[in-house]
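This briefing concerns the structure shown below. It sets out selected features by topic.

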Amino acid sequence: MFLARYDDSPAGKFDELVVIAGIMWNPPTSCAWAARVLVNSAEACRHGRKEVGLPSHVATFSQTEAAALRNKPLGKSSGFLSLLGMRSTVSKQGNDREIEISETKGSSTRHLCNISVPLNGSHKHKWMGPAIRMSLPSFSGQIEDHPDLLKYSCQVECRVRPVRPAKIWRPRTPEPQECPDGKISSKDSGLLAELDAQKQTVLVLLSKPILALEFNSLQMNVDAPKIVVPHSKKEVRYSST
C-alpha cells in the first residue's frame, strides 16, 4: 500500500491510498499493479481515471490522533532488527494517527478499513534519511475509461527512511441477504460483486508487512501512459480438431 497526502498536484490537494495487488517482475525493472486507488477528491478521481487509467474511487479520510502503546527495544541494537520485531522490548506510550477510510458512491458510503500510522515526532530532531531519485514503472488501464493495458512511470525525488509499519483492520460487513427461494436477489448481485472487489482490496491491506518506508519532501512527476496491449472488441474463439 502507498498512503500519501499531496499539497500540490494537477488535481489540487488530496489524500490517496493506493492498494498494490502485486509486482510484475521484468528484469532489470519491475512494475507495480494498483488494484484500487482511493482519493478524497472528485477531481483527483477523474484525473486518475481519465489521464492515467487508474482504478480510482472517491473516498473519505477521517483522521484523528490517539494514544497508543508501542514496544521499544531494550539497549542499543540494529534499527532494522527492531523494525522486524527481533529484539527484546518494553512498552512505551506514543501517539498514532488514526485514519478511517470509507468509499463513497453517490449518496451511499461504505466503511472499508482503518489505518493506524505511528507518529514519529518532529522531523526537526529526526534523521530524514538519504535523498534519492528513482523511477517507478507501473501498469494501469483495463478499466471503463481506458480499456487498453497501459504502462506509465513516476519520476520521484525524495528522502526516505524505514519506520514502523502501520496497523490496518477492517470492520465487519453484513452478508447479502438471500431470497426465500435461497437465491441472492438481483438487488444484491451488483453489491456482491462490489463487495468481492473490496474484499480483495482489504485482504491485500491486511497482509503482514515486514518493512515500511516514509517518504519526505517528495516531488513526483508522472509520465503520460503508453499503450502496451490494445483492447480488442472482437470476440476470439478457439477450437481444437
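**Start of helix α1**

At the start of α1, the backbone nitrogen of E43 lies within 3.4 Å of a side-chain oxygen of S41. The model is a predicted one, in which local features require pLDDT of at least 70 and side-chain atom pairs count only at pLDDT 80 or more, whereas totals for chains, interfaces and linings use all residues. Residues are numbered from 1 along each chain as its sequence is written, and side-chain values use heavy atoms, with hydrogens and water left out.

**S41 and helix α1**

- S41 lies in the loop between β3 (29-39) and α1; helices (H or I, at least four residues) and strands (E, at least two) are DSSP runs, numbered from the N terminus.
- A polar atom of the S41 side chain is also 3.1 Å from the backbone nitrogen of A44.
- S41 is buried, with a relative accessible area of 12%; buried means under 20% relative accessible area, exposed over 50%, and partly exposed in between (1.4 Å probe, protein chains only).
- Leaving aside neighbours within four places in sequence, S41 is in contact (heavy atoms within 4.5 Å) with A11, F14 and V58.
- In helix α1 (residues 42-52), the buried residues are A44, C45, G48 and V52.
- Seen down the axis of α1, these residues fall within an arc of 105 degrees, so they line one face of the helix; the arc is that of the directions from the helix axis to the C-beta atoms.
- G53 follows α1 and has a positive phi, near 80 degrees.

**Overall architecture**

- The protein chain contains three helices and eleven strands, and its elements run β-β-β-α-β-α-β-β-β-β-β-α-β-β from the N terminus on.
- Of the 241 residues in the protein chain, 30% are buried.
- Among contacts between residues at least 6 apart in sequence, 60% join residues at least 24 apart.
- The chain exposes about 16,100 Å², of which carbon and sulfur atoms supply 53%; accessible areas come from the Shrake-Rupley method with a 1.4 Å probe, and for residues only the protein chains shown count as cover.

**Salt bridges**

- A salt bridge is a side-chain nitrogen of Lys or Arg within 4 Å of a carboxyl oxygen of Asp or Glu, and by this rule the count comes to seven.
- One of these joins the side chains of R36 and E103 (2.6 Å, N to O).
- R36 lies in strand β3 and E103 in strand β5 (residues 89-105), so the pair ties together parts that are 67 residues apart in sequence.
- R36 is buried at 4% relative accessible area, and E103 is buried at 7%.
- The side chains of R161 and E214 also meet in a salt bridge (2.8 Å, N to O).
- This pair links strand β8 to strand β10, with R161 and E214 53 residues apart, and both residues are buried.

**Polar contact at D15**

- D15 lies in strand β2 (residues 14-26) and is buried, with a relative accessible area of 7%.
- The side chains of D15 and R5 are joined by a polar contact of 2.8 Å; a polar contact is a pair of N or O atoms within 3.5 Å, where within protein one must be able to donate a hydrogen and the other to accept it, and residues adjacent in sequence count only if both atoms are side-chain atoms.
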